[in-house]
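Good morning, and thank you for making time for this item. Please have the sequence and the structure open while I speak.

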Amino acid sequence: MHPSAIRKTDDVTGRNAQTSAPQSELMKEPIIKTARYLLVELAMYAVLAVIYFALVLRFLGPWLDGLFLQQRTYYVVVCILTMVGQAIALERLLAALSYLVRRGKK
Amino acid sequence: MFFPISGVHINPFLLGILGFIIGILGGFFGVGGSFISGPSLFSLGMPYNFVVGTDLIHIVGKSIVAARQHRILGNIDLKLALVMVIGTLVGSEMGVDAIEALKKSGAVNLVVGLTAIVMFAGISIFGAWESWLALKKHRNGVADGGGPKKDVLAFDRLAKAFQGLALAPRIKLQQSGIVRISMWSIVLVSLVGGFFSGFLGGGAGYIRMPAMVYLLGIPTHIAVGTDLFEIIISAGYGAARHAMNGNVDILVALVMHTGAAAGAQLGAKLTQYFSGPWIRLAFAPLPLLGAILVANALITGHHS
């Protein structure tokens, strides 16, 4: 469903919602469906995230601690790179989960 | 779980949940959320110097996820963001210098605390009043519709004054729907935002996002997305400076960011279901919450 379809009924005026109640009723179902997809995505994501941060703390922890204490300049670079890398990776992971959940439901 | 860099024991699940909540706020309102994450990390036992730096680097990661989502939704004005970065970085340095000057006078906590309370409460009250009027104006049919991104401002005199400033160079902001605006207006607004970022801490999105809407006349959705993009650069700069001074625990930030990434994407997606005045009305209590936290710190003597 195109986002603009939902926008029309959620507009601040509420005009569409008032004048065409059946349309807003029709919109409820996709919103509930979207919420359900989001919950499934979040549950799958939470499991993967827990595994991920257990691995990060176990394997990267001592190395990062060593860098922090001995090579501060490298530590700064590693901090920025790991955070940017994680942000891009998690964003891709979330997009992939979203695609998989929606395709699975269809 | 033990985090060796900052030397604290923190439950990683709590960090993930905290990140998720802040992520939703960040994605939806375009703020860093440091007014919640700062006191929360401090109360979890983290030393305050680590709180500031760790929070900043986590904001970078969260803003990347949220900004990417806003980019897909067409909510980022790249030209505006790049001009704002200049003012933000300079303003941030000025804010830090002001703090250093106040430290010498010995009144830093009181002055910063009172400034924060006045700023936060002022933004909150004005934002609630204006967005309420904007919603009424829209309902009465004074302004025309056109979907949530067609923004309505009940108080646009300041925005008109800023846009009317005939000081070269003047630029066109196509994405924001602004035909001509002086670059100096944008730099001035970002300079003020940057100053408060350095002076009060955090990314200062709670000041910059409303300033973009009320002073520059940027539509709320674009202000949220553009602010997030701008935060990536300004918070990244701040985080690098703090990391150099040994104030960043990257492990805490990475764990927190696993929750924040999901929250930020959810928050960004939610913006498409709400119009500008509704987003501004929902945003209004947040700075007030910050004012209450600062007032509490001043009264109880815990200057976190």
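The crossing of α1(B) and α10(B) is right-handed, a crossing being left-handed if the near helix is turned anticlockwise from the far one by less than a right angle, and right-handed if clockwise. Before I go on, let me state that this is a predicted model, in which local features need pLDDT of at least 70 and side-chain atom pairs count only at pLDDT 80 or more, while totals for chains, interfaces and linings use all residues. Residues are numbered from 1 along each chain as its sequence is written, and chains are lettered from A and ligands numbered from 1 in the order in which they are written. Helices (H or I, at least four residues) and strands (E, at least two) are DSSP runs, numbered from the N terminus.

Two packed helices are described by the angle between their axes and the distance between the axes. For α1(B) and helix α10 (residues 250–270) of chain B, the angle is about 35° and the axes are 6 Å apart. Axes here are lines fitted to C-alpha atoms, for helices over the stretch in contact, and angles run from 0 to 180 degrees between N-to-C directions. The residues of this contact comprise 20 nonpolar, 11 polar and no charged. In this classification Ala, Val, Leu, Ile, Met, Phe, Trp, Tyr, Cys and Pro count as nonpolar, Asp, Glu, Lys and Arg as charged, and the others, Gly among them, as polar.

Helix α1 (residues 12–29) of chain B has 18 residues and spans 25 Å from its first C-alpha to its last, close to the 26 Å expected; that expected span is 1.5 Å times one less than the number of residues. Of its 18 residues, 14 are buried, so α1(B) is largely enclosed by the rest of the structure. By buried I mean that 20 or more other C-beta atoms lie within 10 Å of the residue's own, with exposed meaning 12 or fewer and partly exposed in between; C-beta atoms are placed from the backbone. Just after α1(B), B:Gly30 adopts a positive phi of about 75°.

The next helix is α2 (residues 34–43) of chain B, where seven of the 10 residues are buried. Among them are B:Phe35, B:Ile36 and B:Leu41. The buried residues of α2(B) pack against α1, α3 (48–72), α8 and α12 of chain B. After α2(B) comes B:Gly45, with a positive phi near 105°.

What does helix α11 of chain B pack against? In α11 (residues 276–283), six of the eight residues are buried, including B:Pro277, B:Arg280 and B:Phe283. The buried residues of α11(B) pack against α1, α5 (108–139), α8 (205–214), α9 and α12 (285–300) of chain B.

Helix α4 (residues 78–105) of chain B and helix α9 (residues 220–244) of chain B pack at about 40°, their axes 9 Å apart. The crossing of α4(B) and α9(B) is right-handed. Contributors to the contact include B:Met84 and B:Leu89 of α4(B), together with B:Phe229 and B:Tyr237 of α9(B). The contact has eight nonpolar, five polar and one charged residues.

Turning to chain B as a whole, it has 12 helices and four strands. With 304 residues, a compact globule would have a radius of gyration near 19 Å, and chain B has 19 Å, which agrees; the radius is taken over C-alpha atoms, and the globule rule is 2.2 Å times the number of residues to the power 0.38. The C-alpha atoms of chain B fill a box of roughly 55 × 40 × 35 Å along the principal axes. Buried residues make up 58% of chain B.

In chain A, by contrast, 20% of the 106 residues count as buried. Its secondary structure comes to four helices and zero strands.

How many residues of chain A are in contact with chain B? There are 36, meeting 40 residues of chain B, where contact means that C-beta atoms, placed from the backbone, lie within 7 Å. On the chain A side, α1 (3–10), α3 (21–70) and α4 (72–105) each supply at least two residues. The largest share, 14 residues, comes from α4(A). By class, this side of chain A has 23 nonpolar, five polar and eight charged residues.

Finally, A:Leu93 lies in helix α4 of chain A. A:Leu93 is partly exposed, with 18 other C-beta atoms within 10 Å. The C-alpha atoms of A:Leu93 and A:Tyr45, 48 residues apart along the chain, are separated by 8.2 Å.

Notes. Contact = placed C-beta atoms within 7 Å.
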